[in-house]
Amino acid sequence: MKKKILVLLLTIAMVSMLFVAKPISATAHSETAKISNEFTMNQLTTDDYVSVIVELWKDPVIPFQIRNEGKPFLQSMLGAYGDMSYAEKLMLSQQKVFGEIKKLCPDAKKGYSYQYVYNGFAVRVRGNEVRKISEIKGVKKVFPVRYLKISGDFGNKVIGAPDLWELKDSNGNPVDGKGMLIGIIDTGIDYKHPDLGGGFGPGYKVLGGYDFGDNDPDPMDQQGHGTHVAGIAAANGKIKGVAPEANLMAYKIVPGGQNSASTGAIIAAIEQAVKDKCNAVNLSFGSGSLGTADPDDPENKAFDNAADAGVLSAIAAGNQGARSKSTPYPLGSPAGAPKAIAVAAADDAAHPSIEVVAPRGFEKEIIGDYADVSPPFPADKEFDVVPCGYGSKTDFYGLDLRGKIALVSRGPIGENALYFRDKVLNAEAAGATGVIIYNNIPGIVSPTLVVNPDDANKKFIPTIFITEVDGRYLKKLLHRGLKIKFGVTKPLDTIADFSSMGPT
């Protein structure tokens, strides 16, 4: 069983990072602990509708069962759904609270309700009624519904999946996912695809599912991302997934073919995954805000309770990378759920490298990225480096750059801003053999030299982009007689520079 779970972990780790994220609230404001500080002032004062999640006081089914049984409620291993009478009691109390909400906001519209991983429900009300709703007896806290966007493939060979398939579990069965059920919480699955079974329901690879985005029973993928993820996890045809013998459940969380999902739909999906006895689920959606490990967040609480029920959750860490000095590698939400696995992206590609060969004692290999239409630097040839400011025309006046490399900074901003293309063309006009552009903030950017369509046909000189730290390192060595040469690194097998990696 442990080896089968390992297959699922590998399956989830394969799922590519989508996580292009939508900003959530810009301003935190709260006058009471019963209202989440994720609400903005505008949300709490508007007469327009806002979508919220109302949490009630009693425990959901899973923690209730754990507390009363004294052991984890392994939902995925059991045939029953647990204490049905308790779930019904929660449902009745939710209906009672919603009845009180209707008195305050007659046109309130109730969304999904949850009993197993969370005790509460989604509801659409007028923003200026949220404070009153929080005062209703039985309400623990009110949270804004957030909208998360997609995140996306590395090969099976990279993680050694084919070698894993040769192993046997304790029962002598191949470790290939057989007997395991993986829930794909995403844009749906194209279950008609031959590599994904060609059908939907009992007897097919995709055993079932639901469309929580449109609230209908057909989770057909209209966008493509969920099908991609499902294929990485368990395709079994011309394409092989990491766990090719595993079955799938399709939980669509986006309306139509969109790529944005509400937290209300996501919680409903993880709740259904527990009821369907999934062994693991994958979510490649997230927010662009700094993730939180706050166990009171509705989606965090839902994923944590699912983990206690034996349903392993893997969530994309995010594609934010280094964006600022204060949050260098933020972890997206809900990957910050304490009991979920946050999956980052690995960098296994070859990269151009800059080798510092002089001065002695300061040798170092610097990893960079070529610009989009840059030719490569000649390998193993030594070059001198000349500092050239931002790379404007005036920065090159009086400089001898014949056979040398221009070192320029990204920037400036404002009226004097320069395209990367113009920096390179200015350096070429001054006689430079190539250009190294270093960032002016933490992180790395792949520079684009093509600004206009005809730029794609121009013959630029070699151009590499490096980090701010590495650029300053080269500048520090200039007065010591800096000499460099270029090469290509072996695969890094490290966290990709675009990937979020923590902290929460």
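Tutor: The axes of helix 9 and helix 10 come within 10 Å and cross at roughly 10°. (Axes are lines fitted to C-alpha atoms, for helices over the stretch in contact, and angles run from 0 to 180 degrees between N-to-C directions.) The model is predicted: local features need pLDDT of at least 70, side-chain atom pairs count only at pLDDT 80 or more, and totals for chains, interfaces and linings use all residues. Residues are numbered from 1 along each chain as its sequence is written, and side-chain values use heavy atoms, leaving out hydrogens and water.

Student: What makes helix 9 roughly parallel to helix 10?

Tutor: The crossing angle is roughly 10°. Angles under 35 degrees count as roughly parallel, over 145 as roughly antiparallel, 65 to 115 as roughly perpendicular and the rest as oblique. Helix 9 is therefore roughly parallel to helix 10.

Student: Which residues of helix 9 and helix 10 meet?

Tutor: T263, I266, I267, I270 and V274 in helix 9 meet P298, E299, A302, F303 and A306 in helix 10. (Contact means heavy atoms within 4.5 Å.) By class, they divide into 8 nonpolar, 1 polar and 1 charged. (Ala, Val, Leu, Ile, Met, Phe, Trp, Tyr, Cys and Pro count as nonpolar, Asp, Glu, Lys and Arg as charged, and the others, Gly among them, as polar.)

Student: Why is helix 3 called oblique to helix 10?

Tutor: The axes of helix 3 (residues 61–69) and helix 10 (residues 298–308) come within 9 Å and cross at roughly 45°. That angle makes helix 3 oblique to helix 10. I62, P63 and I66 of helix 3 make this contact with N305, A306 and D308 of helix 10. The contact has 4 nonpolar, 1 polar and 1 charged residues.

Student: How do you know that strand 5 and strand 9 pair?

Tutor: Two strands pair if DSSP finds at least two bridges between them. Strand 5 (residues 147–150) and strand 9 (residues 260–262) have 3 bridges, in the antiparallel sense. L148 has A261 of strand 9 as its bridge partner. Strand 5 is also joined to strand 11 (residues 285–286) by 2 bridges, again antiparallel. There K149 stands opposite G286. (Helices, H or I of at least four residues, and strands, E of at least two, are DSSP runs numbered from the N terminus.)

Student: What makes strand 2 and strand 4 edge strands?

Tutor: The open sheet has 4 strands in the order 2-3-1-4, with antiparallel pairing. Strand 2 (109–114) and strand 4 (139–144) each pair on one side only. Strand 2 is joined to strand 3 (residues 120–126) by 4 bridges, and Y114 has G120 as its partner in strand 3.
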